[in-house]
Amino acid sequence: MSETVQVAAVPVSGRIYLDKQSPAAYQALVRTADAVRATAAEAGLDRILVELVNLRVSQLNGCAFCLDVHTRAALRAGETTRRLGVLAAWRDTGLFTARERAALALAEATTRPADALAQERAYEEARGVFGDDELSAVIWVAVTINAFNRVSILSKHPVREAPTG
């Protein structure tokens, strides 16, 4: 899901920024993200879990811009650099809870829906640890960040140096 981030109107890459070119469509996506964030909170999903889903989906999609945004959001929510550093290999560590592991598997299945077997396994695992509202919220978080990834990747939104001083 997205933070409001200002980017220049004219991209260096020569591509149009979809958010600037079609602001009404982009604002509809932002409103969707706001609704999904509220849904996740109402379902009782921890902010760190939400950010882990955002980050894992962004890793799979290769979205540098969203990785930057959501790494900072995860750190603000209290996530550790250690866990962020091994997130891409979450299956090979004991650092993530059963709920986080289920959410990450479901996020991967949402991002790669063509793997029907992995999708079934992830969904069943998630059913074992999440209630209906939580399960729905995790899927909506993954769906929404997938949409933002596509906007940022196709727009080639840049990751800029952080201001110093």
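**Entry 1. Helix α6 against helix α8**

I started with helix α6 (residues 98-111) and helix α8 (residues 132-155), whose axes come within 9 Å and cross at roughly 45°. That angle makes α6 oblique to α8. I am working from a predicted model here. I also noted the hand of the crossing of α6 and α8, which is right-handed.

Next I asked which residues in α6 meet α8. On the α6 side I found R99, A103, L106, A107, T110 and T111. On the α8 side I found E134, L135, V138, I139, A142, V143 and N146. I sorted the residues of this contact between α6 and α8 by type: eight are nonpolar, three polar and two charged.

**Entry 2. Helix α6 against helix α7**

I then turned to the pairing of α6 with helix α7 (residues 116-129). The two pack at an angle of about 150°, with their axes 8 Å apart. Are they roughly parallel or roughly antiparallel? Angles over 145 degrees count as roughly antiparallel, and α6 and α7 are therefore roughly antiparallel to each other. The crossing of α6 and α7 is left-handed, whereas that of α6 and α8 is right-handed.

I listed the contact residues again. From α6 come A98, R99, R101, A102, A105, L106 and A109. From α7 come A118, Q119, A122, Y123, E125, A126 and V129. By type, the residues of the contact of α6 with α7 divide into 10 nonpolar, one polar and three charged.

I cross-checked two names between the lists. R99 and L106 meet residues in α7, and R99 and L106 also meet residues in α8.

How far apart are the C-alpha atoms of A118 and A105? They are separated by 8.4 Å, and the two residues are 13 apart along the chain. I also looked up the accessibility of A118: its relative accessible area is 22%, so A118 is partly exposed.

**Entry 3. Salt bridges**

How many salt bridges does the structure hold? I have nine. I followed some of them up.

I took E51 with R47 to begin. Their side chains meet in a salt bridge, at 2.5 Å from N to O. Both residues lie in helix α3 (residues 47-61), four residues apart, which is about one turn of the helix. Is E51 buried or exposed? E51 is buried, with a relative accessible area of 0%.

I moved on to R83 and E100. R83 forms a salt bridge with E100, and the closest N and O atoms are 2.8 Å apart. This pair links distant parts of the chain, with R83 in helix α5 (residues 81-86) and E100 in helix α6, 17 residues apart. I looked up the accessibility of each partner. R83 counts as buried at 14% relative accessibility. E100 is buried too, with a relative accessible area of 10%.

I then opened D132 and R127. The side chains of D132 and R127 meet in a salt bridge of 2.5 Å, N to O. D132 is exposed, with a relative accessible area of 51%. R127 is partly exposed, with a relative accessible area of 38%. I also noted a network: salt bridges that share partners join R56, R91 and E108.

**Entry 4. Q27 and its distance from E100**

I looked for Q27 and found it in helix α2 (residues 23-43). Q27 is partly exposed, with a relative accessible area of 39%. I then took the separation of Q27 from E100. The two are 73 residues apart along the chain, and their C-alpha atoms are separated by 29 Å.

**Entry 5. The backbone at K156**

Where is the place of K156? I found K156 in the segment after α8. I looked up its phi, which is near 55°. That is a positive value in a residue other than glycine. I finished with the accessibility of K156: at 44% relative accessibility, K156 counts as partly exposed.

Conventions: Residues are numbered from 1 along each chain as its sequence is written. This is a predicted model: local features need pLDDT of at least 70, side-chain atom pairs count only at pLDDT 80 or more; totals for chains, interfaces and linings use all residues. Side-chain values use heavy atoms; hydrogens and water are left out. Axes are lines fitted to C-alpha atoms, for helices over the stretch in contact, and angles run from 0 to 180 degrees between N-to-C directions. Angles under 35 degrees count as roughly parallel, over 145 as roughly antiparallel, 65 to 115 as roughly perpendicular and the rest as oblique. A crossing is left-handed if the near helix is turned anticlockwise from the far one by less than a right angle, and right-handed if clockwise. Contact means heavy atoms within 4.5 Å. Ala, Val, Leu, Ile, Met, Phe, Trp, Tyr, Cys and Pro count as nonpolar, Asp, Glu, Lys and Arg as charged, and the others, Gly among them, as polar. A salt bridge is a side-chain nitrogen of Lys or Arg within 4 Å of a carboxyl oxygen of Asp or Glu. Buried means under 20% relative accessible area, exposed over 50%, partly exposed in between (1.4 Å probe, protein chains only).
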